[in-house]
Amino acid sequence: SKALEYLDEIHPSPALQAYKYEVLGFLRIETGTLVGVHEYFLQALQTRLEIYPSDHPLVLASKSLLAMSYIWEGLYTEAEAVVKETLSRYEQAYGPMSSPALTDKLNLSWVYRVSGRVEEALELNAEISKAHPGGGEHQEHGEIMTMVHSGGLLQDLGRPAAAVDVFHKALALMQDSQTAGSPLQIDTITGLTQALVTLKRYAEAEPLLVQLLKSYIRQAGDQELTVVMMRKLAEFYEEWDMCLAAQPLRTKVTQINQRRLGRESVPTCLSQYELGLNLVKQGRHAEAMPNLYTKLEYPFEAEDVNHRDNLDRMINIADGFADCGIDRCEYLHVAERMARDAVRLVRPRVKTLPYVAQSGFRTLGFVYRVLGKVAESEEQYQEALNILRGRSQMEWLESDVMVRCSSVSLQQGRYSAALSMANEAAGKLQRQAEPREDILARCRTNLALAYMEMGRYRSAGSLVVDILSKEYEDAWDIEKATVSSLLRTVSI
């Protein structure tokens with residue numbers, strides 16, 4: 001801040017003014033204020049264009065920073081346009097395998113990935129993997145970055161076991177070349193722990209996450225990076241049914257957000273709901289109540305609400321309260337309000353955020369189903385299917401939504417439709433390299449129930465034997481009512 005005051009006093013030249021805009025942009029990023037950050041990098045670019053020709057290295061560097069700022073804000077369409085422009089210039093000036101060209105290709109691949117265009121991301125990533133920019137430290141760093149990105153793509157494709165192997169190889173490569181807590185190591189550990197959690201290998205993931213949080217605290221204090229990591233560790237403990245261990249983290253995040261951003265800020269409102277959900281899961285309902293009536297939707301600014309991270313958090317909060325609402329119906333109304341807000345906000349961004357959008361529709365469908373609004377539930381699931389159909393890289397998500405649709409059809413007494421949907425989902429699951437056991441268990445259960453209701457007991461019999469086996473019990477805690485129906489099929 002003192003440097004910026006000094007620059008103001010001496011009336012800097014246009015060249016120095018461009019650097020000043022970039023410093024202002026990076027300061028906003030450091031404090032976690034991402035909305036509108038691209039304006040600073042755009043001003044820096046415009047200032048440099050007044051001094052240098054459009055193909056000058058400083059202008060190209062400014063455009064690359066502008067593209068990154070668009071990515072940080074979730075403005076992926078704008079980011080893609082700028083990255084493609086700078087990539088073309090870098091390839092012409094330095095060659096397709098030059099360092100700046102490869103960096104832009106990685107950024108473009110990442111944009112493709114978050115936009116749901118995983119096949120294009122994989123194709124570009126394969127091209128990057130063939131690059132050998134001259135050996136030594138530079139080559140090793142590029143190879144590690146490519147491996148980390150490949151691990152994320154495998155996770156998106158529903159292949160967490162393969163992703164774990166790639167992340168482990170990346171960590172092994174960076175043992176000598178990367179210092180503890182470097183940004184690349186942090187990204188690698190984050191990806192690895194997400195894959196381990198998907199595989200329910202919690203004991204392996206915990207020490208990695210704790211190490212990661214310590215690195216953030218050492219590097220950033222209580223800035224936004226540390227707050228995000230505290231949230232990730234809290235989410236991990238809650239996923240592992242260790243809500244008591246997560247509670248101090250949730251409390252600390254709320255306190256930091258209140259102090260830094262104010263009580264009515266978006267992050268503070270969301271962190272209060274997350275703390276309330278944590279207390280509800282512990283059965284401490286009276287303590288949770290004050291956190292559940294924060295006026296989350298009212299103080300939001302449109303730009304903040306549309307940020308991908310906020311939408312993800314809203315959907316996760318709704319999903320959590322819907323699970324709790326199975327036993328206490330008052331929480332279903334909290335879940336419904338949150339899920340409807342998330343869907344309303346993400347609907348205009350279906351093309352740019354397909355993963356988030358389908359997750360929102362799927363969660364609202366689940367909430368409606370638990371509320372007994374079966375027709376509304378089916379409508380939301382169909383919205384999710386419309387996003388997923390035709391995207392081969394999302395087939396593992398599509399099969400999950402199809403199983404949910406078949407469950408709704410069973411509730412409506414449309415047994416033939418339920419059977420058809422479950423059969424199609426089963427076919428997709430069998431083609432997957434790493435089918436999710438819990439989805440497979442639900443799918444086969446729906447098939448058995450549909451066969452039973454249609455009087456086709458022989459067809460249901462073999463399925464029932466598998467579903468009631470120890471393997472399925474480990475994969476999925478089947479509802480008691482479902483078990484009773486299946487046992488009735490066995491007796492028949």
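Buried residues are those under 20% relative accessible area, exposed ones over 50%, and partly exposed ones in between (1.4 Å probe, protein chains only). The model is predicted: local features need pLDDT of at least 70, side-chain atom pairs count only at pLDDT 80 or more, and totals for chains, interfaces and linings use all residues. Residues are numbered from 1 along each chain as its sequence is written, and side-chain values use heavy atoms, with hydrogens and water left out.

Helices are DSSP runs (H or I, at least four residues), numbered from the N terminus. Helix 4 spans residues 57-73 and has 17 residues. Its buried residues include Val59, Leu60, Leu66, Ala67 and Ile71. Lys63 and Glu73 are also buried there. Just after helix 4, Gly74 adopts a positive phi of about 80°.

Glu238 belongs to helix 12 (residues 224-239). Its relative accessibility is 10%, so Glu238 counts as buried. Beyond its neighbours within four places in sequence, Glu238 is in contact (heavy atoms within 4.5 Å) with Cys243, Ala246, Arg250, Asn278 and Lys281.

Aromatic rings of Phe, Tyr and Trp (its six-membered ring) pair if their centres lie within 6.5 Å; planes under 30 degrees apart are stacked, over 60 edge-to-face, and the rest tilted. Phe321 is in helix 17 (residues 308-325) and Tyr331 in helix 18 (residues 330-346), so the pair ties together parts ten residues apart in sequence. Phe321 is buried at 0% relative accessibility, and Tyr331 at 1%. Tyr202, Phe236, Tyr237 and Trp240 form one aromatic cluster.

Technical notes. Helix = DSSP H or I, 4+ residues; strand = E, 2+ residues; numbered from the N terminus. Expected span 1.5 Å × (residues − 1).
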